[in-house]
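Thanks for coming, everyone. Before I say anything, please take a moment with the sequence and the structure, and then I will walk through the ligand site and a few charged pairs.

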Amino acid sequence: MSDKYELTKNEWDHVNVYLQQKGLPVDRNVTFDDMPLPDRYSEVRSRPEINDFSTEILPGFELGIPIILANMVSVAGLRSIIAIQREGGLGVPPQMLPLRERLEMLERVGRAECAHIYNPLTIGPEKTLGEAKQLMNKFGIYSLVVVNEEHRPIGILSTRDWKYETDDQKLVQDLMGGRRKLYTASKNISFEEAGEILRKHRIEKLPLVDKHGRLDSLMTAHGLFYKHHHPRATGDGKGQFIKAGSIGVGKRFTPDHLKEVEAQARKGIRLLLIDTARAFSINTKEAIEAIKARFPKLPLMVGNVSAPEGAKALFEWGADIVKVGIGPGAPCTTRHTGIGIPQLSAVAKSAAIAKLYSERGTRRYIVADGGIKNPGDIVKAIIAGADAVMCGGLFIGTVESAAPSYINKDGLRVKNYIGSASFHAQSERMGSGTLDRIRRPEGMAKEMPVIGTMQEVTGEILDGMRSAMSYLGVKSVKELRLKGRFDLPQSSAGLYEGTKKK
Ligand code: XMP
């Protein structure tokens, strides 16, 4: 064992002062249920006053809500990533999926519900409706720009043009709208001007053209007016959803891993998650070094660790965000090996290290990953210093989560929540060729009921957070992180008192 990442005495002093300021014990590690929050004098008159859940996770990059979807195969799929980003959170395609599937997800997230589509899908007028449908299905979209041989737009095949048509042999040119008048605009038009044209002519799509009249990009009414309907949506400021990529580290970080990062970088990712169960390792160090050498400006979220020494090492190597949590998660059994410290202390200690590094220069961030059971745990993770939380169990029961639903033997509609290191997940990876052998499982799979849509579930979580924040007298997540403070640890009778009511 090397002690080169041990904390110095000064660093430990800093961590202990930080814990004391937060009201957390310095002589033992605690988790969410150990630490109740006392109510405080509040000038919040009613809960609807609280609406600011925004949080910074990179310099100049805020999420509308402090929630990242667990990058697990059963949780994060195309629909759930889009759905959580619509609500203001973030979704990352799981690194365990084959690259091809991750790239397709990134492509489709980029095209989903966005205002400005840079390389819109096109079709020729002489193609059949059947061919158009194939293309639309492949990319999960509902309309195409019709272009002539010079790539000039001549019409739009939109939902209303094909939805009621039963003959797939019909030609696109006989179905497309805009045959008499197609509105187009210059590629340099502003969002406001495009919005005016769309509004005035009550059209849904506006092709933008270069000076030769060739198709450059596309503005969509749905996307342009999106902010009105989804004010917190996680956009890139140019009318598209943010895209985040993922990569594992393997036994060694090989040129093939780097090629995977390159392919995702070409899709315009804003952030890369380096995802490994054991991030405080030489494997991760080499991975960060290789990626930093090739993409020095690509922000990195790296995890997981539970010890503050791990956070220190990851920040030293170049991580911008450290993801904390070994074994607290609902499907985790890694603690059966004895490894991992209770989550609230793990988060707070790593947050203390992030604060230290931020004070020395660039701002660094913490994501608390796993063990979040309710809105109160999110509030506690943020008070401990997390900039965002990552949750799987809270969202597996959404209609949109990636796992298929089925009716179980009790007649309940459920989904299978599959731990990434469970036997079940390992078998599936063996089948897809992304794993070489089955290891002792460190996770499990369990049935969870389907409880509602992502919007409903997120809405309930925010309501719970609102309530807590009103008791604490804070009006924003940023204020919560700054002012929140724990009470003394509670006894098991104290925990029972609050949770016994079934
Ligand atoms: P929650 O509590 O939100 O936890 O459901 C989700 C997190 O759990 C981690 N995870 C695992 N940890 N074995 C583990 O020890 C596993 O099989 C496993 N699968 C997921 C992961 O960090 C996830 O975000």
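Predicted model: local features only at pLDDT ≥ 70, side-chain atom pairs only at ≥ 80, totals over all residues.

**The ligand and its surroundings**

Let me start at the ligand, where a backbone N or O atom of Ala421 lies 2.6 Å from one of the ligand's oxygen atoms. Taken alone, the ligand exposes 520 Å², and the protein buries 90% of that, with accessible areas computed by the Shrake-Rupley method with a 1.4 Å probe. Residues are numbered from 1 along each chain as its sequence is written, and side-chain values use heavy atoms, with hydrogens and water left out.

Staying with the ligand, a polar side-chain atom of Asp369 lies 2.5 Å from a ligand oxygen atom, and a backbone N or O atom of Ala330 lies 2.8 Å from a ligand oxygen atom. There are 23 residues around the ligand, counted when one of their heavy atoms lies within 4 Å of it, and those that come nearest are Thr334, Asp369, Tyr417, Ala421 and Glu442.

Now to the charged pairs. Which residue forms a salt bridge with Glu62? The partner is Lys478, with the closest N and O atoms 2.9 Å apart, where a salt bridge means a side-chain nitrogen of Lys or Arg within 4 Å of a carboxyl oxygen of Asp or Glu. This pair links distant parts of the chain, since Glu62 sits in strand β2 (residues 61–63) and Lys478 in helix α17 (residues 477–483), 416 residues apart; helices (H or I, at least four residues) and strands (E, at least two) are DSSP runs, numbered from the N terminus.

Asp387 is buried at 3% relative accessible area and Arg481 is buried at 14%, whereas Arg363 is partly exposed at 33%; buried means under 20%, exposed over 50%, and partly exposed in between, with a 1.4 Å probe and protein chains only.

Over the whole structure, the search finds 27 salt bridges.

Terms used. Polar contact = N/O pair within 3.5 Å; in protein donor to acceptor, adjacent residues only side chain to side chain.
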